[in-house]
Structure formats: structure tokens, C-alpha cells
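Work through the exercises below with the sequence and the 3D structure open beside you. Try each task before reading its solution.

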Amino acid sequence: QVQLVESGGGLVQPGGSLRLSCAASGRFFSIYDMGWYRQAPGKQRELVASITGGGSTNYADSVKGRFTISRDNAKKMVNLQMSNLKPEDTAVYYCKHYGLSVWGRGTQVTVSS
């Protein structure tokens, strides 16, 4: 059984930064790919960034150069460092465990002045 708990969301002004964290439970965390997704009101959930067990990363074009995904296998955590945030980044951000297709409950990020 794997559970994912996201944290770190909030309200930030345009140009600001936030760091999201996803804490995972369960075994063999380090061998599984993990991802961050987001869903804005009225829109489909979309991939933001993913990271393999070996640390290879992939980003949506809209966040390249602004967001950085990382993982700490010892702590069973996946982080998303978000910089130069824009109003269009406003969404609920979800963590996903690819191996078992498990989602967290999400954390709200609002970018507004």
C-alpha cells in the first residue's frame, strides 16, 4: 500500500517561488518513477514534470527553465521547486506514483497579485 501526501502549496505573487513536497509511504520507493501533475479549473489534468528512479527528468514545455523536480530516496520524497510563477500556473498540483498508479490528494497553488 502506497500513500502520497503533498504539501507546500499556497498563495504567491507573480514572479514568486514555491516548493512543493510529496511524501510517500511504502516499500521500494527508489525504483519507481514519480511525477507532478496539475489541474486548473475547467481543464484536464496535465503533466508538469516527472523523474525516474535513476533521476532522469522530464518537463512540460510551459515550465521548462522555471520548475525543477527532484527526489530524496532516503526520505521517500519528491519535490517540485517552482520559480518565476505565473498566474497560469494556478492549479491543484498532484503527486503521482507511476509504479502503482497512485495519486495524492493535491495541494492548491494560486498565483495572483
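**Exercise 1: a residue in a loop**

Leaving out residues up to four places away in sequence, Asp89 touches Arg38, Arg66, Phe67, Asn84, Val109 and Val111. The model is predicted.

Task: State where Asp89 lies, decide whether Asp89 counts as buried or exposed, and find the length of the polar contact between its side chain and that of Arg38.

Solution. 
- Step 1. Asp89 belongs to the loop between β8 and β9.
- Step 2. The relative accessibility of Asp89 is 1%. Buried means under 20%, so Asp89 counts as buried.
- Step 3. The side chains of Asp89 and Arg38 are joined by a polar contact of 2.9 Å.

**Exercise 2: the disulfide**

Task: Find which residues the disulfide joins, and work out which strands the pair ties together.

Solution. 
- Step 1. Searching the whole structure gives one disulfide.
- Step 2. The disulfide joins Cys22 to Cys95, with an S to S distance of 2.1 Å. A disulfide is a covalent bond between the sulfur atoms of two cysteines.
- Step 3. Cys22 is in strand β3 (residues 18-24) and Cys95 is in strand β9 (residues 91-97), so the pair ties together parts that lie 73 residues apart in sequence.
- Step 4. The link of Cys22 and Cys95 is left-handed, with -80° about the S-S bond.
- Step 5. Both Cys22 and Cys95 are buried.

**Exercise 3: an open sheet**

Task: Give the strand order of the open sheet of four strands and identify its edge strands.

Solution. 
- Step 1. The order is β1-β3-β8-β7, and the pairing is antiparallel.
- Step 2. β1 (4-7) and β7 (67-72) are the edge strands, each of which pairs on one side only.
- Step 3. From one strand to the next, the twist averages 15°.
- Step 4. Six bridges join β7 to strand β8 (residues 77-82) in the antiparallel sense. Thr68 stands opposite Gln81 in β8.

**Exercise 4: the surroundings of Tyr59**

Task: Locate Tyr59 and list its contacts beyond four places in sequence.

Solution. 
- Step 1. Tyr59 is found in strand β6 (residues 57-59).
- Step 2. With neighbours within four places left aside, Tyr59 is in contact with Val48, Ala49, Lys64, Phe67, Thr68 and Ile69.
- Step 3. At 2.9 Å, the side chain of Tyr59 reaches the backbone nitrogen of Ile69.
- Step 4. Leu47 is 12 residues from Tyr59 in sequence, and the C-alpha to C-alpha distance between them is 7.8 Å.

Note on methods:
Residues numbered from 1 in each chain as written. Predicted model: local features only at pLDDT ≥ 70, side-chain atom pairs only at ≥ 80, totals over all residues. Heavy atoms only, no water. Disulfide = S-S within 2.5 Å. Helix = DSSP H or I, 4+ residues; strand = E, 2+ residues; numbered from the N terminus. Buried < 20%, exposed > 50% of the residue type's maximum accessible area, 1.4 Å probe, protein only. Pairing = 2+ DSSP bridges. Axes fitted to C-alpha atoms, helices over the stretch in contact; angles between N-to-C directions. Polar contact = N/O pair within 3.5 Å; in protein donor to acceptor, adjacent residues only side chain to side chain. Contact = heavy atoms within 4.5 Å.
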